[in-house]
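This briefing is meant to be read with the sequence and the model side by side. It begins with the overall organisation and then moves to individual residues, grouped by topic.

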Amino acid sequence: MAFDFDRVRSERFYRSTAPVAEVMADLDRLRHLDTEAKKARAAWKDRSFTLAFAGPGLLVVSLVLYVSKPGIVAGTGLTLGGVLIFGLFLSLFRVLRLKMVDLEERRYALALRVLQRLSEDIGPDEPVTLELDLHLTMDARNRTARGTSGAWKTEHFVNRWLSFQARLRDGTHLRLGMEQRAQHRVRERRNPRGRLKIKRKNKGTALIDVQLRVKPERHPGLARLGQDARKVVKLPPGVALARLEVTDDRLSLRSRMEDGWEAKPRMRNASLDAPRTVVMMLLSLYQVLNYSTALRKREAARATS
């Protein structure tokens, strides 16, 4: 199916099951078109800024001229000033419309960078499934609860926006997910003068889940590792280990990042580098598998000695 940018932008949702190269091409196309849309919005904002000065200014000058000395020049100026103000409203409408369909760049950028790093570990004809929810975290559809905390009115939001599934070349099934959690607080107070003041606060966090499903016969006794598996998990500084589960046929790792994470290349702050965190989580799970194999070989060597 051909990639439909307008549909993705209007629905704010992307879903595809296809070879990894095709999905990467879709995301690259999405990045290019969204970048062009952002440039267009910036251009319309500059145009609006210019019209905001030119239109009213010409209208005022022409009006003064018309009052003091009516004539063709003043009348033309009034007409042109009105046209510029009308153009200003059209320009502002265009800016608003482009803002409403603006996509959060870091989300599709993260998916693209992760696929680029995994592409060599996935067969060229192996279908992968990717789902991207591009709605804002604090969209009404993501609201999970409302309440109060002291003088604050609170709203809680959960947006599980990334879901990825693939079978790797070694037969392991990979699942990757990411969600944003946010809390919005509002407090209204009146000062001694009786004026109403509204204070707002937002805070949030990001959770990344990586899961590997393996064949139990290839990794017998995996579940016996228990808490020992935590010894080999390595995450970037500032990224917290939220959960690690190891059973006979699967390993699940969850990490917690700050809400300000990014997916830019060559980031200096490792705690906000989401692509690096995903890769390190995946490598950690493979380290757990290797650790299990090493323990099994050690036990077998002791039994035969």
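Among contacts in the protein chain between residues at least 6 apart in sequence, what percentage join residues at least 24 apart? In this predicted model, the share of such contacts that join residues at least 24 apart is 68%. The protein chain contains five helices and eight strands, and from the N terminus on these elements follow the order α-β-α-α-α-β-β-β-β-β-β-β-α.

**Surface and core**

- The largest nonpolar core holds 58 residues, and the members that touch the most other members are L27, L110, L130, L132, F164, L251 and W261.
- Helix α4, which spans residues 105-118, contributes eight residues to this core, the largest share from any element.
- As general background, nonpolar side chains in soluble globular proteins tend to be buried together.
- L130, one of the core residues named above, is in contact with Y14, R15, S16, V23, L27, A111, L115, L162, S163 and F164, once its neighbours within four places in sequence are left aside.

**Strand pairing**

- Strand β2 covers residues 127-133, and because five of its seven residues are buried, the strand is largely enclosed by the rest of the structure.
- Strands β1 and β2 run antiparallel and are joined by seven bridges, and within this pairing R15 stands opposite E131 in β2.
- Strand β2 is also joined to β4 by four bridges, again with the two strands running antiparallel, and here T129 stands opposite Q165 in β4.
- Strand β3, residues 143-149, pairs with β4 in the antiparallel sense over six bridges, with G147 standing opposite T154 in β4.
- The strands β3 and β4 form a hairpin that leaves two residues between them, and G150 in the turn has a positive phi of about 65°.

**The aromatic pair and its surroundings**

- How many aromatic pairs does a search of the whole structure find? The search finds one, formed by W161 and W261, and the pair counts as stacked because the ring centres lie 5.9 Å apart and the ring planes are at 5°, where stacking requires planes under 30 degrees apart.
- Because W161 lies in strand β4 (residues 152-167) and W261 in the loop between β8 (250-258) and α5 (274-304), the pair ties together parts that are 100 residues apart in sequence.
- Both partners are buried: W161 has a relative accessibility of 1%, and W261 has a relative accessible area of 0%, so each falls under the 20% cut-off that defines a buried residue.
- The charged end of R106 sits over the ring of W261, at 4.2 Å from the ring centre.

**The loop between β8 and α5**

- E262 lies in the loop between β8 and α5 and counts as partly exposed, with a relative accessibility of 27%.
- When residues up to four places away in sequence are not counted, E262 touches R106, M267, L272, D273, A274 and P275; the C-alpha atoms of E262 and L272 are 5.8 Å apart in space, although these two residues are ten apart in sequence.
- R266 is found in the loop between β8 and α5, where it is exposed with a relative accessible area of 78% and has a positive phi of about 55° although it is not a glycine.

- S91 is found in helix α3, which covers residues 72-100, and is buried with a relative accessible area of 0%.
- With neighbours within four places in sequence left aside, S91 is in contact with W44, R47, S48 and L51, and its C-alpha lies 7.5 Å from that of K45, a residue 46 places away in sequence.

Note on methods
Residues are numbered from 1 along each chain as its sequence is written. This is a predicted model: local features need pLDDT of at least 70, side-chain atom pairs count only at pLDDT 80 or more; totals for chains, interfaces and linings use all residues. Side-chain values use heavy atoms; hydrogens and water are left out. Contact means heavy atoms within 4.5 Å. A nonpolar core is a set of buried Ala, Val, Leu, Ile, Met, Phe, Trp, Tyr and Cys residues joined through side-chain atoms within 4.5 Å. Buried means under 20% relative accessible area, exposed over 50%, partly exposed in between (1.4 Å probe, protein chains only). Rings of Phe, Tyr and Trp (its six-membered ring) pair if their centres lie within 6.5 Å; planes under 30 degrees apart count as stacked, over 60 as edge-to-face and the rest as tilted. A charge sits over a ring if NZ of Lys or CZ of Arg is within 6 Å of the ring centre and within 35 degrees of the ring normal. Two strands pair if DSSP finds at least two bridges between them.
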